[in-house]
Amino acid sequence: MPQITIQELTISYRGPSLLSAVSCRIEPGEHIGLLGRNGSGKTTFMRLISGQERPESGKIELSDGTRIAILPQDVPLDIAGKVAEIIARGLPKSLHDLEHHWERDQMVDRILSQMEIDGTADFQRLSTGMKRRVLLAQAIVSKPDVLLLDEPTNHLDIDAITWLEGFLGSLTTTLLFVTHDRAFLTKLAERILEIDRGKLFDWACDYPTFLKRKELALLAEEKQNALFDKKLAEEEVWIRTGVKARRTRNEGRVRALEALRLTHAARRKSEGNVRLQIDSGERSGMLVCDLKEASFGYDKKTIIPPLSMTIMRGDKLGIIGRNGAGKSTLLKGLLGRLAPMQGTVKLGTKLEIAYFDQTREILDLDKTAEENVGQGKTNIMINGRSKHIIGYLQDFLFTPEQARSPIRFFSGGQRNRLLLAKLFARPANMLVMDEPTNDLDTESLELLEERLVEYEGTVLIVSHDRAFLNNVVTSTVVFEETGIKEYVGGYDDWLRQRKAAKKKGEKTTEENRPQASAPKQRTMGANDSVAVAKKLSFKERSELEKIPSLIEQYESEQRATHAKMQQPEYFKQPQSKIAQDQTRLGTLDDLLVAAYARWDELVARES
């Protein structure tokens, strides 16, 4: 017997229906991922199931005794008090009197232990991730039969997300959840429901299978629409020209044409995809940032211990760590916005930085989308071409009406898209992105990944989206318990290398255990060589001292050549002279790469 039965459900606000006569059945214990574009009606669908909203027509039937709990997307601002008290609010009212206080306290203590939460903590002082964990505890403390989760991974770090996956996976409760985290979907979803243009599609499969079937379905729909449009066009030609040659016309064919017209008018076209372009502008110097034993912090308190690392032009660096570990502090240090407490920071030349802030503070909520992006201008330059702000915003799926509306009423996904539009409205050869994937639908997310992979500039990304890290970054900086370490590749590459290093460490420990007199080995940092190399010779030490001035010489020549090539009269010279300069620029690039590689090698051996 189904736990939830939805029949002919319809609801709309302004414009086309969010849900138009949709039906489905949900069985006990199913783990279902709910998918759809931003604004398609996913949150509304869950609010209808939970009884927080009422449909215009249709009905929702629950099996006898079914209890539903919902975890909202955002943390309500008016929640205050001790954590244990807040969790207890999720229990039935019958347990709140003095007669049942022992049973109530026992249930709260059990969930506190199960979810590793401090019941005495002040809710307002917790991080956003911990607040959401408390609200999840409040939702499940009464052991609901159905749990509705709206973006449960938002604001959680990777450790918290993997814990949540394991916790939810162990529940026998029915789960219906909305998430942009594709790894989370892959791990938990056994069935996919998709809201698309007012319809509800039941794919009855896991997420990887859904992706394959969805692609085939879109191709079939496109082909079917093309055939339909061809037939309609032929019939339109017939009605205009064919009838003239006859005194009577085929009324049945005319009625069929009217039906075709009505069907075509009723067809809801796909919203389309964001047309995203990134203008990398003028190339920066080969060196972007070089840290040498640099530490960062505030008020004499060290947050980032001494760290050495080098970022080169074109690097795509992912930063992983627990909430509060210091990722934002490291970003500020890498960008030169925070002076080091010790050590040195060297920034490269010609850096044009665009910053994506997860708090969206660079957006003015009282201004329109047009004002936020244009900043007083009606046109912007994209890859050397002028484009009107309204047309540019339409590329990011904002209608002209939305472009002229205050963004205070935009959803989280709309604000994130607007932030991307603002970010890419000006050339930048370095992108710094702090949690760019929150609230983005899958189509926009995948397009952003493609553009970042194609982007020729430098990218620094703080993200807890494991699939996004795997698809974009070329190396990762990870805040681990033993310190900050750098790994080649994305999230899965880090897991594999960490596992291999751990096994190697365990093996080394076993081999050394019988030898009590064996010398202790130093724990190597992120930039140490894997094997202990020989110390530098006098000649190599002299070479190391000369490399920085050599790099500066190459970059100075590079800057001078670029400046010369920007002069209006430059291209009036003989073609042979222009070709000579271009060849020299290519040589300088090769020399810089070789110089930095040699510098890294010698520094690693010296440490």
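Tutor: Let's begin with burial: in this predicted model, buried residues make up 45% of the 607 residues in the protein chain.

Student: Why is Glu 151 called buried?

Tutor: Its relative accessible area is 8%. Buried means under 20%, so Glu 151 gets that label. You will find Glu 151 in the loop between β6 (146–150) and α5.

Student: And what makes Glu 293 partly exposed?

Tutor: Glu 293 has a relative accessible area of 46%. Buried is under 20% and exposed is over 50%, with partly exposed in between, so 46% makes Glu 293 partly exposed. Glu 293 belongs to strand β10 (residues 287–298).

Student: What makes the phi angles of these two worth a look?

Tutor: Most residues other than glycine have a negative phi. Phi of Glu 151 is positive, near 50 degrees, and phi of Glu 293 is positive too, near 45 degrees.

Student: Now the rings. How many aromatic pairs are there in the whole structure?

Tutor: A search finds 6 aromatic pairs.

Student: How do you know that Trp 163 and Phe 167 form a stacked pair?

Tutor: Take it in two steps. Their ring centres are 5.1 Å apart, and rings pair if the centres lie within 6.5 Å, so these two count as a pair. Their planes are at 10 degrees; planes under 30 degrees apart count as stacked, so the pair is stacked. Both residues lie in helix α5 (residues 158–169), 4 residues apart, about one turn of the helix. Trp 163 and Phe 167 are also both buried.

Student: What makes us say that a charge sits over the ring of Phe 398?

Tutor: The charged end of Arg 417 is 5.0 Å from the centre of that ring. The distance cut-off is 6 Å, and the charge must also be within 35 degrees of the ring normal. Arg 133 lies over the face of Trp 163 as well, at 4.1 Å from the ring centre.

Student: Which residues touch the most other members of the largest nonpolar core?

Tutor: Of its 48 residues, they are Ile 87, Met 115, Leu 147 and Leu 168. Leaving aside residues up to four places away in sequence, Leu 168 touches His 31, Leu 147, Leu 149, Leu 175, Phe 184 and Leu 188. Another core, of 44 residues, lies apart from that one, and its members include Phe 356 and Tyr 487.

Terms used
Residues numbered from 1 in each chain as written. Predicted model: local features only at pLDDT ≥ 70, side-chain atom pairs only at ≥ 80, totals over all residues. Heavy atoms only, no water. Buried < 20%, exposed > 50% of the residue type's maximum accessible area, 1.4 Å probe, protein only. Phe/Tyr/Trp six-rings, centres within 6.5 Å; stacked < 30°, edge-to-face > 60°. Helix = DSSP H or I, 4+ residues; strand = E, 2+ residues; numbered from the N terminus. Core = buried A, V, L, I, M, F, W, Y, C linked by side-chain atoms within 4.5 Å. Contact = heavy atoms within 4.5 Å.
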